[in-house]
Amino acid sequence: MVSKPFNLLTALLFTLGALHTSFAIPNLQDTDNVLLRRQQVEGSGASQAGVGSRQSVDPPPPPGPPNFTGTKLVNDRDHPWRPLRNGDIRGPCPGLNTLASHGYLPRDGVASPSQIVTAVQEGFNMENTGAIFLTYLAHLLDGNLVTDLLSIGGETPKTGPAPPPPALAGGLNVHGTFEGDAGLTRADAFFGDNHSFNQTLFDQLVEFSNRYGGGFFNLTVAAEYRYARIQDSITTNPEFSFTNVRYVTAYGETVLTANLFSDGRQTDRKVSMDAAASFFRDMRFPDDFHRASQPVSGAGDVEQVIGPHPWLPGGNADGKVNNYVVDPTSADFTNPCRLYSHVVGSVVELYPNPTGNLKRNLIKNLHYWYTGVNGGCSELFPYGHL
């Protein structure tokens, strides 16, 4: 049974995954020192004080809901699609990629958490609490906390000087959280490229949409395709990992594809294959696209996706395919506080001894993220209070 608080986690996807198989950061699916190894920065001499105060930003609180939360044309005159320029960054999330290509986010693909929360609300009508949860989760793990900037793709100097090791402001391409295995149209990291559009996987999505959705992607297709992608990774990826944050975002991104990529003037929440190609491949709103008619949280929809093929968190063990082992310690949809404490512990692993502006910003961003958790969990203060 999916708990009510966890329904908000479906709000990716975007994507933030989440809307996708690729969203990212240190591998919260792994345990022990794997997280630290993945985030190790070679040759970095940064201290846990972070970069100099001249480059430091005191992060503002996350934006609240917009005044108008109904449907509206978002592919409008003020937000034209433009092709990528040299140096522009895109990543695994088709939703964020589309927002950047239309100018709802900075077109270079580097943004502050506040800009991302505002953009996903304006462009897709994502519910405020879910937008805060996903955005600040990604920022805590993948962003530059001193400069308050996050890359929606790979690591870039545009986010500022590197943080102290073992942290890495690597952007959403970093494998393990939002970007994770069994993505909808991105390949597993084991095969090399975990963030680029994969035509073969998109063709499979089209085939499932034709078979189960009459040529449209809907929640019925989402359930079948999500299960198929899990089975494919089990049989082909000896390092397949499907636990904790990735377990939650994998189902969330599948739901959000149906909820956010369908035109808000429709009532049946189904996505044509032309529209899907526009988002996933072209990073572009379809012509005359209207956002959802009310704020999208995905409440109740995860059950429709996970229900036909219930699946527990786990992964392939011992580096072998077809060797899936359930992980009883992983967070799932029944215990939001387990996920919350797990992520806070992972942040402490990345920043064990922060001082100065970095410590201040960690305290603030952890609290901002907590306001989006909404699961009845007691707030944790690993770095104390301001």
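The structure described is a predicted model.

The loop between β2 and α6 holds two backbone features. Most residues other than glycine have a negative phi, and most peptide bonds are trans. Against that background, the peptide bond that joins Pro165 and Pro166 is cis, with omega at about 10°. Ala182 is also found in the loop between β2 and α6, and its phi is positive, near 65°. Ala182 has a relative accessible area of 0% and is therefore buried. A positive phi, near 55°, also occurs at Asn322, a residue other than glycine. Asn322 belongs to the loop between β6 and β7 (324-326). With a relative accessible area of 52%, Asn322 lies over the 50% cut-off and so counts as exposed.

Helix α5 (residues 128-142) has 15 residues and should span 21 Å; its end C-alpha atoms are 21 Å apart, so the two values agree. Helix α5 is mostly covered, since 15 of its 15 residues are buried. Helix α7 (residues 219-236) consists of 18 residues and reaches 26 Å from its first C-alpha to its last, close to the expected 26 Å. The N-terminal end of α7 is capped by Asn218, whose side chain places an oxygen 3.1 Å from the backbone nitrogen of Thr220. The buried residues of α7 include Leu219, Val221, Ala222, Ala223, Glu224, Tyr225 and Arg226. Further along α7, Arg229, Ile230, Ser233 and Ile234 are buried as well. An α-helix has 3.6 residues a turn, so residues three or four places apart point the same way.

Gly307 is located in the loop between α10 and β6 (314-316). Its relative accessibility is 41%, so Gly307 counts as partly exposed. A second pair involves Thr118, a residue of helix α4 (residues 113-124). Thr118 and Tyr104 are 14 residues apart along the chain, and 8.4 Å separates their C-alpha atoms. Thr118 is likewise partly exposed, because its relative accessibility is 36%.

Helix α9 is largely enclosed by the rest of the structure, because seven of its eight residues are buried. These buried residues are Met273, Ala275, Ala276, Ala277, Ser278, Phe279 and Phe280. Among the elements that cover them are the helices α3, α4, α6 (199-213) and α8, together with the strands β3 (216-217) and β5 (271-272).

Helix α8 (residues 244-260) also packs against helix α11 (residues 336-350): their axes come within 10 Å and cross at roughly 125°. This angle makes α8 oblique to α11. The contact brings Asn244, Val245 and Val248 of α8 to Leu339, His342 and Val343 of α11. Of the residues in this contact, four are nonpolar, two are polar and none is charged.

Asn75 lies in the loop between α2 (34-38) and α3 (94-101). Its relative accessible area is 18%, under the 20% cut-off, so Asn75 is buried. A polar atom of the Asn75 side chain lies 3.2 Å from the backbone oxygen of Phe285, and a polar atom of that side chain is 3.0 Å from the backbone oxygen of Pro286. Apart from neighbours within four places in sequence, the contacts of Asn75 are with His102, Phe285, Pro286, Asp287, Asp288 and Phe289.

His290 is situated in the loop between α9 (273-280) and α10 (301-306). With a relative accessible area of 14%, His290 is therefore buried. Its side chain is joined to that of Arg265 by a polar contact of 3.3 Å. When residues up to four places away in sequence are not counted, His290 touches Thr71, Lys72 and Leu73, as well as Ser262, Asp263, Gly264 and Arg265.

Methods. Residues numbered from 1 in each chain as written. Predicted model: local features only at pLDDT ≥ 70, side-chain atom pairs only at ≥ 80, totals over all residues. Heavy atoms only, no water. Axes fitted to C-alpha atoms, helices over the stretch in contact; angles between N-to-C directions. Helix = DSSP H or I, 4+ residues; strand = E, 2+ residues; numbered from the N terminus. Parallel < 35°, antiparallel > 145°, perpendicular 65-115°, else oblique. Contact = heavy atoms within 4.5 Å. Nonpolar A, V, L, I, M, F, W, Y, C, P; charged D, E, K, R; others polar. Expected span 1.5 Å × (residues − 1). Buried < 20%, exposed > 50% of the residue type's maximum accessible area, 1.4 Å probe, protein only. Polar contact = N/O pair within 3.5 Å; in protein donor to acceptor, adjacent residues only side chain to side chain.
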